[in-house]
Amino acid sequence: DLERAAAMIRDAKKPYIFVGGGTVISGASEELAKFANLVDAPVCDSLMGKGAFPGTHALYAGMLGMHGTKYANLGVADCDLLITVGSRFSDRVFGNASKFAQHAKVLQIDVDPAEINKNIITSASIIGDVKEVLKRLLEEVPEKEHPEWIAHIQELKSKYPLNYDHTQLTGPYIIEKLYELTNGDAIISTDVGQHQMWAAQYYKYKEPRTLLTSGGLGTMGYGLGAAIGAKMGRPEKTVVN
């Protein structure tokens, strides 16, 4: 499976990496950064994958799905290989399964075999811990360069930025200002709803476990308990609920 995946990555002209919460759980952010730089591929994430790849990195392409950025979603539409790392392909991500990544082969890396071909049909998969799989792939895959593909994604980013009404006080403005004041170094916890999506869209997460949010079940009231726990665990950090 590793050899087949490595061959697909070698052959890809427009590889695109999609990162989910499994990458955070696995503690694989260092390996992911090395992998993205090695194969020269843009990286988008899910809500639960936030911080696994730095939101400040030049290769970062935003959040995918119905609450994501237009450029992240267009990247999936345009790529020829979608490398999915520790994500279950929730319905918030893919929308219409028949139209998702239509021009791409899908390579899925996940620890749980039940997630393969559950929501999106894959071309190939690797079952295993994300950190271990990426370590092994780093040994199998040669260094690649895709300047035209990267330039295309950068063009999409500048053409379709996240935007909001700057003439009045808004949620996105507050989140952006919070990012500025904390230098992006705070731990952010959220409850469930619109503010949860603003926190995902307008704050750039540089490391894993700095956005604490209830994906999947979407538990209301989650933010306060999470914030208290985060402050207990990392007392030196600014924690914002």
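I began with strand E5 (residues 105–110), where 5 of the 6 residues are buried, buried meaning under 20% relative accessible area, exposed over 50% and partly exposed in between, with a 1.4 Å probe and protein chains only. Strands (E, at least two residues) and helices (H or I, at least four) are DSSP runs, numbered from the N terminus.

I noted that this is a predicted model, in which local features need pLDDT of at least 70 and side-chain atom pairs count only at pLDDT 80 or more, while totals for chains, interfaces and linings use all residues. Residues are numbered from 1 along each chain as its sequence is written, and side-chain values use heavy atoms, with hydrogens and water left out.

**Neighbours of E5**

I looked up the pairing next; two strands pair if DSSP finds at least two bridges between them. E4 and E5 pair in the parallel sense over 5 bridges, and Ile-83 has Leu-107 in E5 as its bridge partner. On to strand E6 (residues 124–127), which pairs with E5 in the parallel sense over 4 bridges; here Gln-108 stands opposite Ser-125 in E6.

**The six-stranded sheet**

I then traced the open sheet of 6 strands, which run in the order E3-E2-E1-E4-E5-E6 with parallel pairing. Its edge strands are strand E3 (60–63) and E6, each of which pairs on one side only. The twist averages 15 degrees from one strand to the next, where axes are lines fitted to C-alpha atoms, for helices over the stretch in contact, and angles run from 0 to 180 degrees between N-to-C directions. H6 packs on this sheet and touches E4, E5 and E6, and its direction makes about 125 degrees with that of E5; contact means heavy atoms within 4.5 Å.

**Helix H3**

Which residues of helix H3 (residues 29–39) are buried? I found Glu-31, Leu-32, Phe-35, Ala-36, Leu-38 and Val-39. They are on the same side of H3, because they cover an arc of only 160 degrees around the axis, the arc being that of the directions from the helix axis to the C-beta atoms. The buried residues of H3 pack against several elements, including helix H1 (2–11), strand E1 (15–19) and helix H6 (130–140).

I followed H3 to H6: their axes come within 9 Å and cross at roughly 35 degrees. The crossing is left-handed, a term for the near helix being turned anticlockwise from the far one by less than a right angle, clockwise being right-handed. The contact is made by Glu-31, Leu-32, Lys-34, Phe-35 and Leu-38 of H3 and by Lys-131, Leu-134, Lys-135, Leu-137 and Leu-138 of H6.

**Positive phi values**

I kept in mind that most residues other than glycine have a negative phi. Phe-89, a residue other than glycine, has a positive phi near 55 degrees, and lies in the loop between E4 and helix H5 (91–94). Is Phe-89 buried or exposed? Phe-89 is buried, with a relative accessible area of 1%. Asn-183 also is not a glycine and has a positive phi of about 60 degrees; Asn-183 sits in the loop between helix H8 (171–182) and E7 and is exposed, with a relative accessible area of 52%.

**The three-stranded sheet**

Last, I looked up the open sheet of 3 strands, in the order E8-E7-E9 with parallel pairing. Strand E8 (211–212) and strand E9 (239–240) stand at the edges with a single partner strand each, so one side of each is left without a neighbour in the sheet.
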